[in-house]
Amino acid sequence: MNHLFKVAMATAASTLRGWQGMVVTEPAALQPEKPLKLYEFESCPYCRLVRETLTELALDADIYPCPKGGTRFRADVLELGGKAQFPFLVDDNTGVKLYESADIIEYLYTTYAKRAVPLRVKAALPQAVSSLANSALGLGAGTKVRASKKPEHMLTLYSFEASPFCRPVREVLCELEIPYHLVNLGKEQFADMGVNGVHAAVGEYNPVKGGKREQFMAKTNKMMVPYLEDPNTGKAMFESKAIVEYLLETYGG
């Protein structure tokens, strides 16, 4: 599928979802000492609801992709939880293991944001229906496994859920069953709004002091996602299309 078309479809999908999973709504949320572990697959509408919450709470997580037909991590879910159902969250900080997107979302809010789940998130039926439609716009990408080589070390992806440029990268990571550490860089202020490179057009861009975007800019000198780091090859790169091509060339079977 043409990459620009995929980005356009991802833009339509995020618009349908009201751009949830774009803004950090709970900047004071606690950060877990040990990374959260999320077993999921990209096209799953219920998994998306959890990923949106991770962005809005600015929580990072180790992602273990479990596409249909996958063999690397689906057995782990069965062993840890007793059934091959997704999403599945493991929190080694508390010993909690959870299925069901609504239960996971409630757990994340009460444990790390120390508050009740907002009403807009609790609206279960509209949330599920619009997320199902969102997944349909992906035209099946991020659903089924494809042959791949397993990396020795986990990759790192800087992203936020609603970004239409990040979605094609996550879809390929899922299909290749490549585990990755997800660093969520949701928008933290009005100046962050807009397409990459446009939000700062009216003047010098200054990220929120002490925020994750400030840390990212200190690292890369640029505010753009997706950004991929691969410790297996020493590669670090921006640009959605280039990252997709790199992943397929490096790890595609």
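How many residues does the largest nonpolar core have, and which of them have the most contacts inside it?

1. The model under review is predicted. Its largest nonpolar core has 36 residues, and those with the most contacts inside this core are Leu36, Leu108, Leu155, Leu173, Leu228 and Leu247. Two or more residues each are given to the core by strand 1 (36–40), helix 2 (45–56), strand 2, helix 4, strand 5, helix 7, strand 6 and helix 9 (240–251). Helix 4 supplies the largest share, seven residues. As general background, nonpolar side chains in soluble globular proteins tend to be buried together.

2. Four of the five residues of strand 6 are buried. With strand 2 (residues 61–65), strand 6 runs antiparallel, and three bridges join the two; here Asp62 stands opposite His181. With strand 5 (residues 155–159), the pairing is parallel and extends over five bridges, and Leu157 has Leu182 as its bridge partner.

3. Strand 5, helix 7 (residues 166–175) and strand 6 form a β-α-β unit that is right-handed. In the loop between helix 7 and strand 6 lies Glu177, which has a positive phi of about 55° although it is not a glycine. Glu177 counts as buried because its relative accessibility is 4%, under the 20% cut-off.

4. Lys114 is placed in the loop between helix 4 and helix 5 (119–122). Is Lys114 buried or exposed? Its relative accessibility is 59%, so Lys114 counts as exposed, the cut-off being over 50%.

5. Helix 4 (residues 101–113) also contains Asp103. Asp103 has a relative accessible area of 38% and is therefore partly exposed. Although Asp103 and Val50 are 53 residues apart along the chain, their C-alpha atoms are separated by 9.7 Å.

6. Strand 7 (residues 227–230) is covered on both faces: Tyr227 and Glu229 on one side, and Leu228 and Asp230 on the other, are all buried. Strand 7 pairs with strand 5 in the antiparallel sense over three bridges, with Glu229 as the bridge partner of Thr156. Four bridges join strand 7 to strand 8 (residues 235–238), also antiparallel, and Leu228 is partnered there by Met237. The hairpin of strand 7 and strand 8 has four residues between the strands, and in this hairpin Gly234 takes a positive phi near 80°.

7. The bond from Phe86 to Pro87 is cis, with omega near 5°; Pro87 is in the loop between helix 3 (74–81) and strand 3 (88–91). The bond from Val225 to Pro226 is likewise cis, with omega near 5°, and Pro226 lies in the loop between helix 8 (212–220) and strand 7.

8. Finally, what is the volume of the second largest pocket? The value is about 220 Å³. Its lining is made by Val24, Pro27, Ala29, Gln31, Ala58, Glu188, Val208, Lys209, Gly210, Gly211 and Lys212. By class, these lining residues are five nonpolar, three polar and three charged.

Conventions: Residues numbered from 1 in each chain as written. Predicted model: local features only at pLDDT ≥ 70, side-chain atom pairs only at ≥ 80, totals over all residues. Heavy atoms only, no water. 1 Å grid on protein atoms, 1.4 Å probe; cavity = no way out; pocket = protein on both sides within 12 Å on 5 of 7 lines; lining within 4 Å. Points joined across faces, edges and corners; volume = space filled by probe spheres on them. Nonpolar A, V, L, I, M, F, W, Y, C, P; charged D, E, K, R; others polar. Buried < 20%, exposed > 50% of the residue type's maximum accessible area, 1.4 Å probe, protein only. Pairing = 2+ DSSP bridges. Right-handed = clockwise from strand over helix to strand, strands pointing away. Core = buried A, V, L, I, M, F, W, Y, C linked by side-chain atoms within 4.5 Å.
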